[in-house]
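This report walks through selected features of one protein chain.

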Amino acid sequence: MLFKGQNVLLKTCHRTFLIFVLLTQILPVFLEQEEDIPHNEVKNWALQFGVDLWEYGKMKTRMNELQRKYHDVDINVVRKDGLILIREMATEVKNMMDFKMSAVMRIMDSAEQAALTPRGDNGQPFRYYNAKRLNAFGRDGGPAEGTREMTLTPNPHFDHLPVNTTLSTVLMPDNVNENDPNTLNAIQWSEHLDPLFINNFEGDPSLSWQFFGSSRGFLRRYPGISWPPVDMSKEMQRSKSNRNIYDFRSSIWYVNAATSPKDIVILVDNSGSMTGHRANLARATIEAILNTLSDNDFVNVYKFTDTTEETVACFRDQLAQANSENIRFLKESLGTLKPENIANFSSALETGFKILQKYNQSVQGSQCNQAIMLITDGPDSTYKQIFTKYNSPHSPVRFFAYLIGKDSSGAREMYEMACQNKGYYTRISHYEEIRENVLHYIEVMARPMVMYQNDHPIQWTPAYVGGRADSFSDNRRGQLMTTVTTPVFDRRNHSVRVANVLGVVGTDVAIDQINKLVPAYKLGVNGYSFIVNNNGHVLYHPDLRPIENNDLYEDTLEPHYISVDLTEVELVENENGPRENHTVLLELRNDMIDQKEGETEMSVKVHYNNMRRVTTRRNKYFYNPIEGTPFSLGLAIPEGYGMYELLAEQEIKHSQKNVTDYFKGDNWRVHPDWDSQKVYCEYTSGTSGEQWFKTAEERVLHFLSRSRRPGWKWMSLRPRSPLQREHHHISTKQDKDAYYCDKTLLQSLVLDAMVTEGLEKRPFRSHLEDKNQGYDIFGLTLSFVATRSGLLRWTNLTNIDLNAPHFSENNVRAMDETWYKRAVDQHSIEPESFVYSVPFDVGNYGKPLVTATHAVFVEHKRAQSSSSSCWSTISTYDFGCTLGSSSCRTTCASDKLDCYVLDNNGFIIISENNEHTGRFFGQIDGTIMDSLVQDRIYKKVPVYDYQGACSNDKYHFSGSANRLMVFDAPKIFLSFLLKNIVLLFFKLKYVYGTALAYTQEDDDMVDVYPDYDQEQYAVGEDIIDDQDPIISPPSNTYSPSFIPPYESDPMEGVDMGQYGIRPCDRKVDLYILQPDRLNTSGQNNPLKGKLTNCHITGCERPFSVQKIPHSNLILLVVDTMCPCGSKQLSIIPQEVNYELRNGGCLHKPKDSLYRKRLPKCINYHPEETEIHICGDASRMSADVLALLVVGIGGYIYAFLS
């Protein structure tokens, strides 16, 4: 029993109940002729069921004993100070990020110095470690010609790939000429970065990949690796032929470091001459430009003929933020270009200058670089008067000219416009020229930064899915990453005035490096952290769900960046509609963007289980800036129980007992994510054998054993940031046995192990069991306890099925598991209760397994906090006849009644038909579900998914494709065919799942409840096919045996990179039980309902609803004698259509949300006009000369003839 006052949440023991026979004799019904359903009897059934389960669960989980054992040790419950907590955590994150930025700055210094050092020529050809030519051996056993040998060792820290930590290797994209003298020179001098790479890694073993990306196109990466790499943890490897390094010079990490933010207007000639090959070249050029832009940039594409207009109507009179969503819309719009009429260049140029001028004067956009990019097959003038009017005298708007096609008419005009406006002219005749020619604009925009020499801005990228984490988990998906970079300037003296970027240096940073500094155990159950950048986008968040896998990254190292806004992951409870943001949420977002410290509170919706369940929660938010970065750290902590924490530790160092004795046997685990993040303990040297522990448990036991050795010290303070000194400081190599341990967490783990040590022993048989043989009908299969410190301990109570995965394989994340979170939320609703759940599709494949979860709170000085959680499981419950009844004429197994036990989200826990188990009840009987909503027994909660995926038949041109080889056509066709078959399967599966249903017009269904507000539950108009019930043909007799196909989301788990898949907003209506509706004056009384006018005969269909005490369940008994039809409700998210409300736009742009520009903008240097390199003048002159010769030749031929 729980103590008075506030209780500290102990993680409650759950047991799993296996149901063999579901309600074959359940809830006997004594029917009086004048009453269809005996409602008082229903109340007794529910009461007996709930009490039996509660008493049985208390006994088997031994929750009171667990609670008592915590009170027997020295514990304390304290209130959290959120502001102090966020300050401490922000300081730790800043310290870690300073380490990474300091390492990058040291690489930059070394690179600039190495480039200045002359290279000697010993007459021998220069040899280097080319990642594509490693460890290839000839028949004599030696390295094959042109290759080198390198020792590679698998390393979990570096994506589980074989690496060499004493050398770097060079990765060369296919389009880069490695024999170019300038390229070879850069490869040679950059080899001298290896000692610095090694020193950085020795000083900070948490460093991930370090690299130098050269402006010549090669990537020097440390540690050394062969390409394509071989993941030793994978049995099957993908084909090597398609795994080529991408040209990183168009990537965000390179472009953002080399240039300041920019506003760009792209003008594409759409006149009648821009057809065929020219039109395709133009579109591919635009795509190449768009691929270089990021969230800090703004852009729009205008097509011009005799008039000028945006290619995307939704972007009228504006520059769109260059996030991934807007870039996709712009690319798709290129497929709508239809050449016609003649080109009005004056109109196009004036449109471009006006929109840039508007943004500059209204302090919108990037407030930094501005540029016009003209893509045409040739103008007829230089339009000097327009440039004089808008761009004199300092040319604040750069002009970049792309001449399309082989015809060189207009080349001189294009060249002159570019050179006189601090831009660049280039000619594009073939697809292979596009990428290299587009990159010239980056070199030009970098000039002011290079000319100032001293300022090297540090840039952080958005999040992306990178390589595999250093984890004991079997998860093969990549981990979230970010990258920090800075530019490298050319300080060499040249014969002509130049300002060149030599490249960009950087290092990758795993988000897990941040998570371990904001440990979940300090936030408590249902608490979480997140980071927001200057654009309001999250770097990480528990609801951030990347929908693109990391195959592209593993094959090419090309990252796919994520632009998800804070307003898309924090779902306000009382939102009015999709993307109608709440004032409090916007204030929180704006404060974090402005890097303020503060706190607020807000009620939000939280969804579980792939958006099938939802709950509401009121959170307190605390936030603080991470100084020296564009980030702010936020914490969300549940109001009430979340603001308290349990302090309970067992001293390790001076313990009389060997603490490892508390961890005997193989029936315990620790949180694998906390271990992979090194939250418990870690060696910090990077050279110790710690990274080769086979399991998380082995690592914990290792450090517990080591704590017993003489001289053990708690190393709970992480090294301080090197940025407190000069970044020129060389890192000190750490001792090979240096380590870090979280003293609080490790000693809490030991205490939890000590308290739970004896719980796995079988409890004695109580007199209660002997007296009430009904308890024997529950088949207990397993019990276990999970604790706040990440410990999981279980006891198998039946023989284990070796063919099925043990529950410990999928339920080891303790307080991060859904069952743990739901149990804690349930405690605030009904403290003395269990939360029951079953797998959603359990009825499809076997006997239902019911999981019962209870959250245990312990109290100290009238305050409470969570400690542990237990499970138990039921197999069978035979209700028999109602107590006190003299006879049983009808049971739930009869044809007259349908009986269901539903959980708090409307899912079927028990039904007389096993195949119903785990299904959403609205899919079985949507009419009754609607009635339950109308009478406010369930609340319908709209949930919007702003990270959804939808199928798409649209196709947009892409110029990034490679040239077709001989066998590519059949491969492409087969890939196309296979992907479309998969999509067709998904669609047919969904259609099949919704086509079979009962029938009846909604208007014919009349509920007996008069107080239902129709407007409150009105169906929204913003949904495409907004979950309209699918009606099936009427049947003469109601058939409770109807089983619709299992309903699954066809987009669940679909990769966004798959053909025909696009991001979209989706909506789904989910349900939450309102238990107070069934509670009258403290008594749980049944609610009587009846459907009328549901059949041509005029019969009625009564039903009864009763809350099952001590649980999250209700008992629903439905009369089946009236052959009413029924509709089918769906909980599959549907796409939101904004077209009717958003001026014809199919999306709702996020550009109106507040953002903050980056603090540094370097876009002007007074001496830049001395640089006269502005295009390939030699080619232009040759083209003009060729035309002149042809013209003169033609004139002479005409004269002679």
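The cavity count comes to 14, taking those of 30 Å³ or more. The model is predicted. The second largest cavity holds about 160 Å³ of space. Its lining has 14 residues. Phe211, Trp253, Asp508, Tyr553 and Leu557 lie nearest the centre of this second largest cavity. What is the make-up of the lining of the second largest cavity, by nonpolar, polar and charged residues? There are 11 nonpolar residues, one polar and two charged.

**Six-stranded sheet**

Six strands form an open sheet, in the order E21-E20-E25-E24-E23-E22. The pairing is antiparallel. Strand E21 (538–540) and strand E22 (571–572) are the edges, each pairing on one side only. E22 is joined to strand E23 (residues 598–608) by two antiparallel bridges. Here Val572 stands opposite Val604 of E23. Helix H18 (residues 583–593) packs on this sheet. H18 touches strand E20 (528–532), E22, E23, strand E24 (613–625) and strand E25 (632–638). The direction of H18 makes about 120° with that of E23. Helix H23 (residues 818–829) also packs on the sheet, touching E23 and E24. For H23, the angle with the direction of E23 is again about 120°.

Strands of a sheet pair through backbone hydrogen bonds, either parallel or antiparallel. Which sense applies in the sheet E37-E39-E45, parallel or antiparallel? The three strands of this open sheet pair in the antiparallel sense. Strand E37 (938–951) and strand E45 (1134–1135) are its edge strands, each with pairing on one side only. Helix H25 (residues 926–934) packs on the sheet and touches E37 and E39. The direction of H25 makes about 120° with that of E37. Strand E39 (residues 1061–1073) meets E45 through two bridges. Lys1067 has Gln1134 in E45 as its bridge partner.

The hairpin of E35 and E36 has five residues between the strands. Gly906 in this hairpin takes a positive phi near 85°.

| Strand pair | Bridges | Bridge partners |
|---|---|---|
| E39 and E45 | two | Lys1067 and Gln1134 |
| E35 (residues 897–902) and E36 (residues 908–911) | three | Val901 and Ile910 |

**Disulfides**

The model has five disulfides. One of them joins Cys368 and Cys1161, with sulfur atoms 1.9 Å apart. Why is the disulfide of Cys368 and Cys1161 right-handed? The torsion about its S-S bond is about 100°, so the disulfide is right-handed. The pair links distant parts of the chain, 793 residues apart. Cys368 sits in the loop between helix H9 (345–361) and strand E13 (369–376). Cys1161 sits in the loop between E45 and helix H27 (1177–1200).

**Backbone geometry**

A cis peptide bond joins Trp227 and Pro228, with omega about 0°. Pro228 lies in the loop between strand E8 (219–222) and helix H6 (252–258). Ser392 and Pro393 are also joined by a cis peptide bond, with omega about 0°. Pro393 is in the loop between helix H10 (384–391) and strand E14 (397–404). His160 is not a glycine, yet its phi is positive, at about 65°. The loop between strand E4 (153–155) and strand E5 (161–163) holds His160.

Key: Residues numbered from 1 in each chain as written. Predicted model: local features only at pLDDT ≥ 70, side-chain atom pairs only at ≥ 80, totals over all residues. Heavy atoms only, no water. 1 Å grid on protein atoms, 1.4 Å probe; cavity = no way out; pocket = protein on both sides within 12 Å on 5 of 7 lines; lining within 4 Å. Points joined across faces, edges and corners; volume = space filled by probe spheres on them. Nonpolar A, V, L, I, M, F, W, Y, C, P; charged D, E, K, R; others polar. Pairing = 2+ DSSP bridges. Helix = DSSP H or I, 4+ residues; strand = E, 2+ residues; numbered from the N terminus. Contact = heavy atoms within 4.5 Å. Axes fitted to C-alpha atoms, helices over the stretch in contact; angles between N-to-C directions. Disulfide = S-S within 2.5 Å.
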